Amino acid sequence: MKFISKSQLADIATQLPLLQSNRNILVRIGFFLLGCFLFSSVMGSVIMLFMPLLENNYKVMVYFYALIGLVGTEFLAAKKYHKHGLDDAFILSMQGAFYAAIGISFEDSLLVFMAMVVLGLVCCIRYVHTLSALISCIGLVGLLFNLITEQHLMATLFLPFVGFLLAIGIYFVYRKLHLNPKNYLYTNALLVTKVFGLVLGYFSLNYMVVRELSQSLMNITVEEGADIPLAFLFYGLTFLVPLFYIGYSIYTKDRMMLIVGILTLGYSFFTIRYYYQLMPLEIALLLGGIVLFAIVFAAIRLLKDKETGVTFKPDRSADTNLILNAQALLVNAQVDVKPVAGQENMPFGGGGFSGGGAGETY
């Protein structure tokens, strides 16, 4: 927004470390695949060299693979590789090998989820790795659900409400960390945590999820014309939670929450239609389009002259001069303008201007 001059920006840039990164997501994916091939090649070489010596202790090899991934990750971090693709491959491969080693050694999913929580959080902090934050969140949810369903920490009936409370806790942790300027480096990781909390909060109370989990975990058989316990509550929350997301996001100007709210609201309609088809699909789509058109038309009429908040006015942070200059440059590039030479005086006689004046030669 040009609060500082270009010289100040250049001075700040010179003080920052230069990282090996890829802004192009396709290039990053390519290097990620290359890193996975490299890691698998190292694993294959290790198997060829040491497998005859460790036939009866094959579990140790998986820990050795995790150690190789850790060494490669630290090497790339020392070489300032960040968001490059190679670092992603080694970080995720190292974690995958360690989780596999824990599962093979102890054959207990609870310990695997605990390892996901701890190691994902450590990798997120140590390497500023966004996907590791997602792994840690998945491990936390898996740990809680395992304690309820497998370890019988409490009745399975309370599982949806516990998941919703966990989602609220994750969101408040995000808010607490996001407000601290020292955590600006972890903006993307915190954003993933926020979206995960919002999605978890919705699906914990979604009617389809609760009904299917009730049938699989609690052995509840839903007969035709019957329903699950507290069905009216989950019917209402299936729509109230997305509507709350949308309303609160507009109030706080939170674009990501608005996107999550719109997507979950669409899934709410899909949930109800999956069990109750009140009308043919083409009629439902037609009525839905009419309703959406009416909402959009009313929003345009309401917001077109509004100066603050949600409005159609140009963004004050957008540099419109750059756009105008680019348009002028493109237009001028399409016009072939050549300078016109000044005309000379044409004398009579002598055959000037290719015979324009009469002369004695042909």
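**Close-up views of pockets, a kinked helix and loop residues**

**View 1. Second largest pocket.** The second largest pocket is lined by 24 residues, among which L19, S21, H82, K83 and L185 lie nearest its centre. Elements giving two or more residues to this lining are α3 (58–78), α4 (86–106), α5 (109–127) and α8 (187–205); helices are DSSP runs of H or I with at least four residues, numbered from the N terminus. With 3 residues, α8 gives the most to the lining of the second largest pocket. The space in the second largest pocket is about 910 Å³. On a 1 Å grid over the protein atoms alone, a pocket is an open set of points where a 1.4 Å probe fits, with protein on both sides within 12 Å along at least five of seven lines, and lining residues have an atom within 4 Å of a point. Points are joined across faces, edges and corners, and a volume is the space filled by probe spheres set on the points. The model is predicted: local features need pLDDT of at least 70, side-chain atom pairs count only at pLDDT 80 or more, and totals for chains, interfaces and linings use all residues. Residues are numbered from 1 along each chain as its sequence is written, and side-chain values use heavy atoms, with hydrogens and water left out.

**View 2. Largest pocket.** About 1,600 Å³ of space lies in the largest pocket. Of its 38 lining residues, I246, I262, L265, L292 and I295 lie nearest the centre. Two or more lining residues come from each of α10 (231–252), α11 (255–275) and α12 (281–303). The largest share, 13 residues, comes from α12. The lining of the largest pocket divides into 26 nonpolar, 6 polar and 6 charged residues (nonpolar: Ala, Val, Leu, Ile, Met, Phe, Trp, Tyr, Cys and Pro; charged: Asp, Glu, Lys and Arg; polar: the others, Gly among them).

**View 3. Helix α10.** A kink of about 25 degrees in α10 is centred on L237, where the bend is the angle between axes fitted to the seven residues ending there and the seven starting there. L237 is also one of the buried residues of α10, which include F234, V241, Y245 and I246 (buried: under 20% relative accessible area, 1.4 Å probe, protein chains only; exposed: over 50%). After α10 comes K253, with a positive phi near 60 degrees.

**View 4. Loop residues with positive phi.** V128, not a glycine, has a positive phi of about 50 degrees and is found in the loop between α5 and α6 (130–149). H152, in the loop between α6 and α7, has a positive phi near 55 degrees. H152 counts as exposed because its relative accessibility is 58%.
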